[in-house]
Amino acid sequence: MPDIPEHRKDWAIFEKELPGYWDKTVVPSVSQLLSWEYGAPPNIPAVLVAMDRGKKVHHSLQLRDEQDLDLETIAGTDHLKYIRQWETFLRPGDHFMGIERPLYGTLTDIDYIVRPDRVIQRGDKILIVDLKTKSAVGRPPDAKEQQKHALEIAAQKVAVAQRLGPLASWAGCIYLWPHKCQIVGYNDAKFVDQFGDLLGRWADARITSQAAGE
């Protein structure tokens, strides 16, 4: 067995049913597929700052939902503002079925890995939520960004249905600013078809690359 990349180790729980989980050339991640389709974020200071902020805010949101957040650790930051905006979406009695839970899905006979931010049971409904953070002056998602996020949500919807059982009643993104939030649902079945098409094209490109000895 080769050394498993750190970011893939969480999927070892599926080793028996998904033996290639560690190999990105066999089992791609959804973020990998989207980078292949749309390109990776540019390596410039503004983007790096935004990515670092998003990572830290996501961690605070995760600790909040796991009831393990020490407020002193976020003193002097905007993290609490993001948390309060997230809380406007939540309802009493919401049950977290998954918080950053590693899952895998299979579509068009191709396996992929994904980690939905939240899977929530609200009464008899299942919600899949992807959290997207924006800076205080960040713009709302444009059409290209929404299309990319719709594919990401479609991948999560399939994996949740296959691994956890329930078909989500609602799936979408919560875009968080320090002072507001925007809720956008990506429930149309066409997005699953489009994600399946992306998976198929990625697999074809991989086969072509292997045939060429690349």
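Predicted model: local features only at pLDDT ≥ 70, side-chain atom pairs only at ≥ 80, totals over all residues.
View 1. H3 itself runs over residues 79-87, and the buried residues in it are His79, Tyr82, Ile83, Gln85 and Trp86. Those five sit on the same side of H3, because the arc they cover around the axis is only 160 degrees.

**View 2. An aromatic cluster that takes in Trp86.** Ring pairs tie Trp86, Phe89 and Trp170 together into a cluster. The structure has 5 aromatic pairs in total. One of them is tryptophan 86 with phenylalanine 89, a stacked pair with 5.7 Å from centre to centre and 15 degrees between the planes. Tryptophan 86 and phenylalanine 89 are both buried.

View 3. Tyrosine 112 and phenylalanine 195 make an edge-to-face aromatic pair, with centres 5.0 Å apart and 75 degrees between the planes. This one links distant parts of the chain: tyrosine 112 belongs to strand S3 (residues 110-114), phenylalanine 195 to helix H5 (residues 190-211), and 83 residues separate them. Buried or exposed? Tyrosine 112 counts as buried, since its relative accessibility is 0%. Phenylalanine 195 is buried too, with 0% relative accessibility.

View 4. How many disulfides does a search of the whole structure find? The count is 0. Cysteine 173 is in no disulfide, and the nearest cysteine sulfur to it, the one in cysteine 181, is 12 Å away. Looking from the other end, cysteine 181 has its closest cysteine sulfur in cysteine 173, and 12 Å is too far for a bond, given that a disulfide calls for sulfur atoms within 2.5 Å.

**View 5. Charges over rings.** Arginine 163 places its charged end over the ring of tyrosine 104, at 3.9 Å from the ring centre. Lysine 180 lies over the face of tryptophan 177, and the distance to the ring centre is 4.5 Å.

Note on methods: Residues numbered from 1 in each chain as written. Heavy atoms only, no water. Buried < 20%, exposed > 50% of the residue type's maximum accessible area, 1.4 Å probe, protein only. Helix = DSSP H or I, 4+ residues; strand = E, 2+ residues; numbered from the N terminus. Arc of directions from axis to C-beta. Phe/Tyr/Trp six-rings, centres within 6.5 Å; stacked < 30°, edge-to-face > 60°. Lys NZ or Arg CZ within 6 Å of the ring centre and 35° of its normal.
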